[in-house]
Amino acid sequence: MPKDHSLKKVLMIGSGPIIIGQAAEFDYAGTQACKAIREEGIECVLVNSNPATIMTDPGIADKVYIEPLTEEALETIIGRERPGGLLAGFGGQTGLNLAMELERKGVLERYGVRLLGVKEESIRRAEDRDEFKQLMQAIGEPIPDSVIATTLGECEDFVGRVGYPVIIRPAYTLGGTGGGIAADYGELTILAERGMENSAIGQILLEKSVAGWKEIEYEVMRDAKDNCITVCGMENFDPVGVHTGDSIVVAPIQTLRDYEYQMLRDAALRIIRSLEIEGGCNVQFALDPDTSEYIVIEVNPRVSRSSALASKAAGYPIAKLAAKIALGYSLDELKNYVTGETSACFEPTLDYCVVKFPKWPFDKFKTASRKLGTQMKATGEVMAISRTFESALLKSITSLEIGLEGMRVPRIMGMGDDELIEKIKLRDDERIFAIAEAMRRGRARSGEDERFTRDAIHELTKVDRWFLYKVDRIVKMENTLAERGIDAEILREAEEIGFTDNEILALSGAPREVLTDIRVYHDIFPVYKVVDTCGGEFEAVTPYYYSCFDEEDEGRVTNSRKILVVGSGPIRIGQGIEFDYCCVQGVWAIKDLGYEAIIINNNPETVSTDFDTSDKLYFEALHIDDVMNVIKKERPDGVILQFGGQTSLNLAEDLNRRSIRILGTSFDSIDLAEDRQKFSELLEGLGIPTPPGRSVTDIAQAREAVGALGYPLVVRPSYVIGGRSMQVVYSDDELMEYLTEAVSLDAERPVLIDRYIEGKEVEVDAIADGDDILIPGIMEHIERTGVHSGDSSSVYPPHTIPEDVQRKLVSYTSRITKALGVVGLLNIQYAYDGRDIFVIEVNPRASRTVPIMSKVTGVPMVRLAVGAMLGEKLADSAWGTGLYRKMPFSAVKMPVFSNAKLTDVDTAVGPEMKSTGEILAIDETYEKAVNKGFIATGLTIPTEGGVYISLREHERTAATADIIRGYADAGFSLCASPGTAAYIRDHGMGCESCARADVERAIDEGRLAVVINVPREMNIVDRDSFAIRRYATERGLPVLTCIDTAEAFLIAIGAKLAGRKAVYRTLEEYTAVH
Amino acid sequence: MEGLIYLGDGTAYRGKGFGSVATNVGELVFNTSMTGYQGILTDPSYMGQVINMTYPLIGNYGVSEIDSQSGRVHAFGFVTRDISFRPSNRCSVMTLSEWLKEQGVPGVYNVDTRAITKKIRTDGTVPCVISSEGITEGDARLLLEGAGDILRDDYMTEAGTNEVVKFPSGDGARVAVYDLGVKRNIIRGFTDRGCEVFLFPYGSTPEDIMKVSPDGLFLSNGPGNPEMAEAGIETARALIGKLPICGICMGHQVIALAFGGRTYKLKFGHRGANHGVKDLESGRSAITSQNHSFAVDPESIEAGGLAVTHVNLNDGTVEGMRHRELPVFSVQYHPEGSPGPNDSEGLFDRFIEMFRPAGKGGAAHA
């Protein structure tokens, strides 16, 4: 039992919607913490606005509030629940900031709530730049020469003293929002101003840059007895200058002598002690490789992305232990969960090498600068484990799903020498591949080209030579394969350093049969080893495996019936945490049904890769070879692909060809749903309308399609994730630009051209068992068709779709499901133009809305889907068939964007998905739910001020005018771009006409409250409208880029003006009203 | 050249050779430290042993002129999964392989070191042959069978200094170190605190030691079975009550034996830099560096007036003790780190503190 017996109830704050810098790692940490609390018999109350999380699932916490993470909501909930303690260290920066706010406002004191784990004092000392600086000076820890500034003048004085470059870091922000390195006065003014704006307290830190030094991190834990351990030390491949979230990170530390390692470890321990943190903490250092001098860069007094990585890398569940410590335990009282026998008060030792590789969204954000700096841009990450660094690196690259299985990027290999050097200097997301190419050139020229020697590359990049040697070893193997082909010895070495079969075949030119023959004859297959925290010193009870090419196989295969779930890989735009939710739910359902559940995945941030989740975890790339190796080893009764999003679904064909049993919807059905031609024919046969469309493979066919369909058109490539490269085009020019620039058009990759149906978009998720279906509910999008479903707000139950249309949706869904032969989950998006319903898209898999619908209706969708795959019938379940009963409340899902991180990305919504996360708001009425929803996304609902409006011509309708009138009637003043102003005046309202400069000035002076801007084109960086959208967004104004959003926002304003108070209830209370 | 690790039960691990082209017989042990291979190899306590590193990537930062814990490599062989032939560190003066070659010590890499670790975990530390010169398993078996006198357990008699060595004096106290195979960082632990150190060779008598009028006696770490350190045990026993006494590792075991206690061999010992040790008196725990095959039997020391002060959090074995009345204490682990954490450095201060009540401040020797 915990030391502290007085604690009966604890409140935990989640991290809210996923944004860059604050992602799935907090679902992992929060879920662990909830479990750790409940294990102690303490009641756990959770507040989190993010519905896609496992932590908000029934059964994780005792009570779940899916409510906005605002002070008001928290205060109300604290008043209702009267918890004894508050855990703030598991909800990222959001949780910490909120806890600080509640402390400052006296809420915690008023209700007698104690902050557990991380105290207010510790948070302030670690986060407030000035206090941190003083504390470090007091304990003698070196920090960079720096100054705290709140004005530009202070910044100028500082650079006058230390010179450029300087790093700008705003206080109290996520993932380094608004930070950067300034090399001159121009950059300084931009970054300093943005930083002060982004800081919650208008404060920035300016520090002398140590770019080029080694970046080293330690994950440290401390308990109330002052016992301290370091769980894991990590080293960045990229030297200081690239945000650690955007760096390739290696664990354990590779290039430090023990002396240096201990010097930094000692410092990390001194720091956590001085901050008096009870729990986990992350300390980042910069180390000068030429002198071993170091400085402390940053401290995070909480669990973080790095702690999630360290937990997975070392097999040590930091969040779980941090929660136990917060409850009063000391480390020596706790057990090592991996061995089950030995003490938790030790330091994990690794007998493998771990590489984390970031996953960036640049495939979606084509206008975004790919240059990396102090502001994080990655949406997710992969981790790979192996016995050599080279192999871990290559596995991580394969895991990224960027079309690479090695270090050869043809585009980079085709660059001229100067171009290549410039590319390396640019320091973008592809730098490691450019480094590999430079190594190749160095080798090809036998070291005679001074620009490509290892020393030259080191000078250029400051990447430690040890890493460069490793990249060079990979390059050397490329050459060996190309020059000598394969034999047993070469194959074994290539495998040991991580080459995939495809890469070996491509380089050696050997036929696949030869590779297979050598492999079989010489028994060159991967073996599986256990991640056990102790280097094999003690027996481990956790089944956490990775593959490698070594001698002994430790895999213990049971004779039980078992099912393999293929995960969803790294978090990216369009494939987020919701699929991890489905995988985890799937694992639990499989166990529940009496099977052994095995998961394969590579995302270190998630709950699915917690070794506690499944019966067996394989930390692997989701490449067909790796999945097949696991299947070969485990021989599962079946494989589930429909929970891991498009990543796992894309394996269906390859697995089917190898006669692997895919549970649920068969490959043929998946193929049928994804083949436009065949699917259209099927719908036609069923008499269900679909927007007329064509699949084209060349320009001539495209012109023909235009002739038949007419504009406007929706164009997109086949097999899409998150509407990648989808666009609505209105003219030949736009179409041709799309076909020639946006996509590669060829026979292998057809482009789909459909008529654009303007109307309401409706989304249906269903569970099918082969005979019947169950639809938990229907969601109606607030924004019209053309806005990607991931970026639309949507409401359950539908509030404008007539009953008869809803009945028709159910009937269509049922017929499609049956005709396709779907078993398990299915998601269909429909367009309703006021008269007809059209099928826009069918996904024979889990979808983004599965966790939401599961939570708001209580229907355990994934559990039912797994049951259906294994022969259970919906008709026999308590949930029945057909459309499930409607809930007596309104639930609104709204997207959340990481606009603050990607400063050169358009904030306007369209067919291409941009949001990184979402919130769910539930309330008694649609109006109140909408109001709550906007608040939960982080917006302040204004009740006065100006509205700036700029609309594309197409939108200037009478209906739109009514919405604008709503703003005017609510007391807002109107101003607009010249064309739009004329239109507004034509509709009898007063409206000022203004130019970009006027708008920016109005924003600066605080006169503007809302920007409504529906652009004709997006992503054109030099357009005024793009600039206005960014300017307003960066200053925290609501920027509404679809007229339907503006209408919904008006509803929120109305609710606020009417003084309607939001209610805050647990999910259970909402659903139990019925 | 082909590398081979061969065990008495016929188990063979084949890899590649590095370092010196040679063959040795020794006791196969594993070490779980992820850093500090240079300090490990030069730790005299490893004399007679072949070290299998659990961390697979070794040699990354080469070999420096400042990280050795003694004048040479004492281990009889070195085993690693992968090795860096191209190290990177400002202090590196040569590669690990070059250094082992210079030191005449064979290494084997490209073997499944985790499998070897698990073998030791299951069977206990075992004699082995390590060869980097391509010998056959048959040759290895013959070597092992005839290795009776090679597999000694009294290396502490020759691991340390041959003559008395005086380390530059500070203005602090004078410490007599009985050298069973001392690590440099232990000596540094005293000299850094201003102490003057006299290092005494194995076999030194109580009279030899008292001749320099030390403020305290320190018994060092060292290789082998502590029971074989008879001369050391005798000397320690004779000085009980005459000097404050402190010991680390084998020194700790020798003190236990001097007080009539017993030691026993652990199945596979503790070798690593990550062991949690709890101080029973303060209730606090620390992460420690360890390297020992033997442990002190806690019950056996009670009669001699000793009490257990520290325990290992993993297996509960004795990690420290002190005398109930006399100024005598010792620890099984290595507060001097090198490699490993410096969390327990304060033990040196604790020992030095003991000199004061005797009324002999360091100034007496200045």
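**First stop: two helices of chain A**

Select helix α5 (residues 120-127) of chain A and helix α6 (residues 129-138) of chain A, which pack at an angle of about 90 degrees with their axes 5 Å apart. Axes are lines fitted to C-alpha atoms, for helices over the stretch in contact, and angles run from 0 to 180 degrees between N-to-C directions. Helices (H or I, at least four residues) and strands (E, at least two) are DSSP runs, numbered from the N terminus. α5(A) and α6(A) are therefore roughly perpendicular to each other; angles under 35 degrees count as roughly parallel, over 145 as roughly antiparallel, 65 to 115 as roughly perpendicular and the rest as oblique. Show the side chains of Arg124(A), Arg125(A) and Ala126(A) on α5(A) and of Glu131(A), Phe132(A) and Leu135(A) on α6(A), which make the contact. Two residues are in contact if their C-beta atoms, placed from the backbone, lie within 7 Å.

This is a predicted model, in which local features need pLDDT of at least 70 and side-chain atom pairs count only at pLDDT 80 or more, while totals for chains, interfaces and linings use all residues. Residues are numbered from 1 along each chain as its sequence is written, and chains are lettered from A and ligands numbered from 1 in the order in which they are written.

**Second stop: α16 and α17 of chain A**

Next, select helix α16 (residues 454-461) and helix α17 (residues 465-484) of chain A, packed at an angle of about 125 degrees with axes 10 Å apart. That angle makes α16(A) oblique to α17(A). Arg454(A), Ile457(A) and His458(A) of α16(A) meet Arg465(A), Leu468(A) and Asp472(A) of α17(A) in this contact.

**Third stop: where the chains meet**

Now display both chains: 43 residues from chain B and 44 residues from chain A take part in the contact. On the side of chain B that touches chain A, the elements giving two or more residues are α3 (113-123), β15 (263-279) and β16 (285-296) of chain B.

In chain B, 22 residues of domain 1 are in contact with 23 residues of domain 2. On the domain 1 side, β3 (23-31), α1 (37-41) and α3 of chain B each give two or more residues, and β3(B) gives the most, with 3 residues.
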